[in-house]
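Hi,

Here is the structure I promised to pass on. Have a look at it first, and then read my notes below.

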Amino acid sequence: DLPTRVRIHEVGARDGLQNEKATVPTEIKAEFIRRLADAGLTTIEATSFVHPKWVPQLADAEQLFPLVGDLPVALPVLVPNVKGLDRALALGARRVAVFASATESFAKANLNRTVDEALAMFEPVVSRAKAESVQVRGYLSMCFGDPWEGAVPLPQVVKVCRALLDMGCDELSLGDTIGVATPGHVVALLAALDEAGVPPSALGVHFHDTYGQALSNTLAALQQGVTTIDASAGGLGGCPYAKSATGNLATEDLVWMLRGLGIDTGIDLGRLVATSAWMATHLGRPSPSRTVRALSHE
Ligand code: HMG
Ligand code: MG
C-alpha cells in the first residue's frame with residue numbers, strides 16, 4: 001500500500017550547497033529558496049548555524065535567514081548545540097534540527113564528539129527549543145553504512161533513534177549519508193525500528209544517490225508507511241565530513257516518480273526544473289538529476 005500524500009523536506013539550500021567549494025553569494029541562495037517556495041515546496045531547509053570554520057559555505061546564515069524569513073513556508077535550520085540554537089532563535093527560526101550519528105567515526109568527524117557526547121550536546125538544545133514551541137527534527141547519519149566502519153548494525157541505529165525521540169525530537173530523519181543503502185536494508189531497518197516503538201509516522205528518510213539507489217530506497221520506505229521524504233533540488237549535495245558522500249535524491253526525480261504513482265505533492269515540476277537548471281549555471285556544472293536533464297531538453 002502506498003500513502004496518498006507525501007511531505008517533501010527540501011534540503012537543497014543546506015545539504016545541497018554545504019559542500020560546494022566556491023562560495024555561493026547570499027543573494028543567490030535567497031533567490032534559490034524563494035524559487036523553491038514558488039515551485040510549491042513547503043518545507044525548505046535554509047541553512048546551518050554551525051561553526052563557520054567547519055562549514056564555510058554556510059557562514060552567511062545570519063545574512064541569509066532574514067532574506068527568506070518572510071516566506072510562507074517552513075524554514076528549518078541545523079543547530080548542533082546551544083550556541084547554534086541561540087543564533088537561530090535570535091533570527092526568529094521556528095524549526096530546528098539536531099544531527100546525530102549512528103557511528104562513532106562519523107560523530108567524531110562531523111561533531112568532534114563521541115555518539116553519547118553528541119547526544120548530551122543536543123539535550124539542552126531540544127529542551128530549550130521545545131520550551132519555546134520550536135519544532136525539532138533529529139537527523140541520524142550513517143544509518144546503513146559508514147565509510148570507516150562498513151555496514152552499521154541495526155540495533156546501533158535503533159538505539160540512537162530511541163535516544164533522540166526520548167529527548168523530545170518531534171520527528172527523525174534516517175540518513176544514508178554515503179548512499180550505500182539498498183531497499184532490503186531499508187525495509188529491515190524500518191521493521192527493527194517499528195518493533196522498538198518507532199513507527200514510520202515518526203520518520204523521514206534521507207537518501208543520497210551515490211549508488212543510484214535513492215529512488216528505489218524511497219519506494220521501499222513509502223511501501224512501509226513513511227510519508228516524509230528528504231530530497232535536494234537538482235540532486236545537489238554531499239557532506240564535507242563524510243568522504244564519498246555525493247548528491248542527495250533529486251527532488252525532481254522524486255516528484256516524477258510520485259506523480260506517476262498518483263501521489264500529489266502540489267509541486268510545479270516545470271518551475272522546479274527551471275530553478276535547478278538556473279542553479280546549475282551558477283555552480284558551473286549540469287545537474288546530476290536525470291529528470292532535470294530530460295525535461296531541460298524538451
Ligand atoms: P568544536 O570544535 O568541538 O566546538 O566543534 P567547541 O564546542 O569546542 O567550540 C569551539 C569554538 O567554536 C568556540 O569558539 C565556540 O564558541 C565556537 P571560541 O570560544 O574558541 O572562540 N562554536 C560556534 N560558533 C558558531 N556557531 C556554533 C558554534 N558552536 C561552537 N554553533 C561543533 C563542535 C559541533 C561546533 C562543530 O563540530 C560543527 O560545527 N560541526 C558541524 C558539522 C556540519 O555542519 N556538518 C554537516 C551537517 S550534517 C550532514 O550533512 C548529514 C545530514 O545531511 C544527514 C545525512 O546525510 O546523514 C544532516
Ligand atoms: Mg545529507
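Before we get to the ligand, a word on how I sort residues: Ala, Val, Leu, Ile, Met, Phe, Trp, Tyr, Cys and Pro count as nonpolar, Asp, Glu, Lys and Arg as charged, and the others, Gly among them, as polar. On that basis, the shell around ligand 1 splits into eleven nonpolar residues, eleven polar ones and two charged ones. Do keep in mind that this is a predicted model.

In total, 24 residues surround ligand 1, and the closest are Val-50, Gly-84, Ser-141, Gly-175 and Thr-177. At least two shell residues come from each of helix H4 (82-90), helix H5 (104-111) and strand S6 (135-141).

Now for the overall build. The chain has twelve helices and eleven strands. Its C-alpha atoms fill a box of roughly 50 × 45 × 35 Å along the principal axes. For 298 residues, a compact globule would have a radius of gyration near 19 Å, and the 17 Å of this chain agrees with that.

I also looked at one helix pair. Helix H10 (residues 251-260) packs with helix H11 (residues 269-283) at an angle of about 165°, their axes being 10 Å apart. Angles over 145 degrees count as roughly antiparallel, so that is how H10 and H11 run relative to each other. The crossing of H10 past H11 is left-handed. On the H10 side, Thr-251, Glu-252 and Val-255 make the contact, while H11 brings Leu-269, Leu-272, Val-273 and Ser-276. Sorted as above, the residues of this contact are four nonpolar, two polar and one charged.

Cheers

Definitions and conventions
Residues are numbered from 1 along each chain as its sequence is written. Chains are lettered from A and ligands numbered from 1 in the order in which they are written. This is a predicted model: local features need pLDDT of at least 70, side-chain atom pairs count only at pLDDT 80 or more; totals for chains, interfaces and linings use all residues. A residue is near a molecule or strand if its C-beta atom, placed from the backbone, lies within 6 Å of it. Helices (H or I, at least four residues) and strands (E, at least two) are DSSP runs, numbered from the N terminus. Axes are lines fitted to C-alpha atoms, for helices over the stretch in contact, and angles run from 0 to 180 degrees between N-to-C directions. Angles under 35 degrees count as roughly parallel, over 145 as roughly antiparallel, 65 to 115 as roughly perpendicular and the rest as oblique. A crossing is left-handed if the near helix is turned anticlockwise from the far one by less than a right angle, and right-handed if clockwise. Two residues are in contact if their C-beta atoms, placed from the backbone, lie within 7 Å. The radius of gyration is taken over C-alpha atoms; the globule rule is 2.2 Å times the number of residues to the power 0.38.
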